[in-house]
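Hi everyone, thanks for making time. I'd like to walk you through some side-chain contacts today, so please take a look at the structure.

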Amino acid sequence: MFDLFASTAARTPPAFLDRISDHIMWGMYLDFSRYLIAAGAMFAFLLVFKTWANNRRIQERRAKGMDYRREFVSSLRTVFFFAVTTISILVLRDAGIILLHLQEYSLWLLTAQVAVMIIVHDAYFYWLHRAMHHPKLFRPLHLHHHKSRTPTPFTAYSFSVGEAVLEAAYVPLFLLATSLMGIAYAGMAVLFFIWIQIIRNVMQHAGVELHPAGWVDSKWTDWISTTTHHDLHHSEGRYNYGFYFTFWDRWMGTEHPEYKQRFREAAKPLVISRRVAEKVSVTVMALFATLATLSGGLQSMGVAIA
C-alpha cells in the first residue's frame with residue numbers, strides 16, 4: 001500500500017502539488033480571516049455597547065467559557081473544509097469546468113449575481129437544514145451545532161465534519177450549475193457573497209437582537225430574518241430553519257408561532273448613553289480595520305470593479 005502511494009506521488013507533477021498547497025493555505029487564510037474578523041468584530045461590538053446588548057438579550061441563559069472554546073476549536077476544523085472547497089473551485093476553474101473570471105465587470109452584473117447566489121443559498125440552506133433535523137441525520141450531522149443552545153458570534157462556524165462539508169459544498173455546486181448553463185460568474189461576486197454569508201451568519205448567532213424595533217411589523221423588512229428568528233431555532237429546535245429570509249418557513253408552516261412577539265420583547269428602542277462618541281469611535285475603527293483587510297486582499301487578487 002505504501003509503495004502504491006509512493007508511486008502515485010512520484011507521478012504527480014511537483015508544480016501541481018505546489019499549487020494545491022498554495023491554494024489550501026490561501027483558502028484557510030481567507031476563511032479564517034473572514035470568520036475571525038466578523039465574529040471578533042461582533043463580539044467586540046457587544047462588549048462596547050454592553051448596556052444596550054444586555055437590554056436586547058434574547059435568552060436569559062448565558063454562554064459559558066466551555067461553549068466559546070468548543071465553538072472556536074470546531075470552527076478551525078470548518079475552516080479547513082472550506083479551504084478544501086476553495087481548492088476544488090480553483091482546480092475546476094483551471095480545468096475549464098467552472099466558468100469563473102477575475103476581471104473587470106459592471107456593478108449591475110455584480111449586484112445581480114450576488115443576489116442570485118443569496119436567493120438560491122436561502123433555499124439550499126432551508127432544505128439542507130430541515131433535512132439535518134431528521135432523527136436519523138440530526139445526531140451525526142447537526143447535533144454539534146446545537147450544543148450551542150445559547151449561540152454566540154463564534155457559533156457561526158461551529159459544525160461537525162459532515163455539516164461543514166455540506167455547508168461548504170454550496171458554492172462549488174452553484175458555480176458548477178451556472179457553468180453548465182453557460183453562465184460565467186465574476187470572482188468578485190463570489191467574494192462578496194461569502195462575506196455577506198459570514199456577516200449574516202454571525203448576526204444570526206449574536207444572541208442579542210440587532211434589528212431595530214418595528215422590523216417585523218413593516219412589510220418592507222418583515223421578509224428578512226432577524227437574530228431572534230434564528231435564536232428561537234437554537235433554543236427550541238423545531239422551528240425557523242431559514243437563513244436570510246422568512247419566506248420558506250412561512251410557505252412550509254415552520255415559523256415559530258410566537259416569533260413576532262418574542263422579537264418585540266427583545267427589540268427595545270435604542271437608548272444612547274453619554275459615552276456614545278467614544279463607543280462609536282471604537283466601532284468605526286473596527287470597521288476601518290475590516291475594510292483595510294478586504295482592500296488588501298482584493299488588491300493581492302488583482303481584481304477591479306468597472
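Let me start with a question: is Arg264 buried, partly exposed or exposed? Keep in mind that this is a predicted model. At 45% relative accessibility, Arg264 counts as partly exposed. Its salt-bridge partner is Asp217, with the closest N and O atoms 2.7 Å apart. That pair links distant parts of the chain: Asp217 sits in the loop between helices H9 and H10, Arg264 in helix H12, and they are 47 residues apart. Asp217 is partly exposed as well, at 48%.

Now, the whole structure has 10 salt bridges. Another one joins Arg250 and Asp222, at 2.8 Å from N to O. Arg250 lies in helix H11 and Asp222 in the loop between H9 and H10, so this pair ties together parts 28 residues apart in sequence. Here Arg250 is partly exposed at 33%, while Asp222 is buried at 11%.

On to the rings. The count comes to 27 aromatic pairs. In one of them, Phe45 and Phe49 have their centres 4.8 Å apart and their planes at 45°, so the pair is tilted. Phe49 is buried, with a relative accessible area of 15%, and Phe45 is partly exposed at 26%.

Tyr126 and Trp248, by contrast, are stacked, with 6.0 Å between centres and 20° between planes. Tyr126 is in helix H5 and Trp248 in helix H11, 122 residues apart. Ring pairs also link these two into a cluster whose members include Phe125, Trp223 and Trp251. Thanks, and happy to chat!

Key. Residues are numbered from 1 along each chain as its sequence is written. This is a predicted model: local features need pLDDT of at least 70, side-chain atom pairs count only at pLDDT 80 or more; totals for chains, interfaces and linings use all residues. Side-chain values use heavy atoms; hydrogens and water are left out. Rings of Phe, Tyr and Trp (its six-membered ring) pair if their centres lie within 6.5 Å; planes under 30 degrees apart count as stacked, over 60 as edge-to-face and the rest as tilted. Buried means under 20% relative accessible area, exposed over 50%, partly exposed in between (1.4 Å probe, protein chains only). Helices (H or I, at least four residues) and strands (E, at least two) are DSSP runs, numbered from the N terminus. A salt bridge is a side-chain nitrogen of Lys or Arg within 4 Å of a carboxyl oxygen of Asp or Glu.
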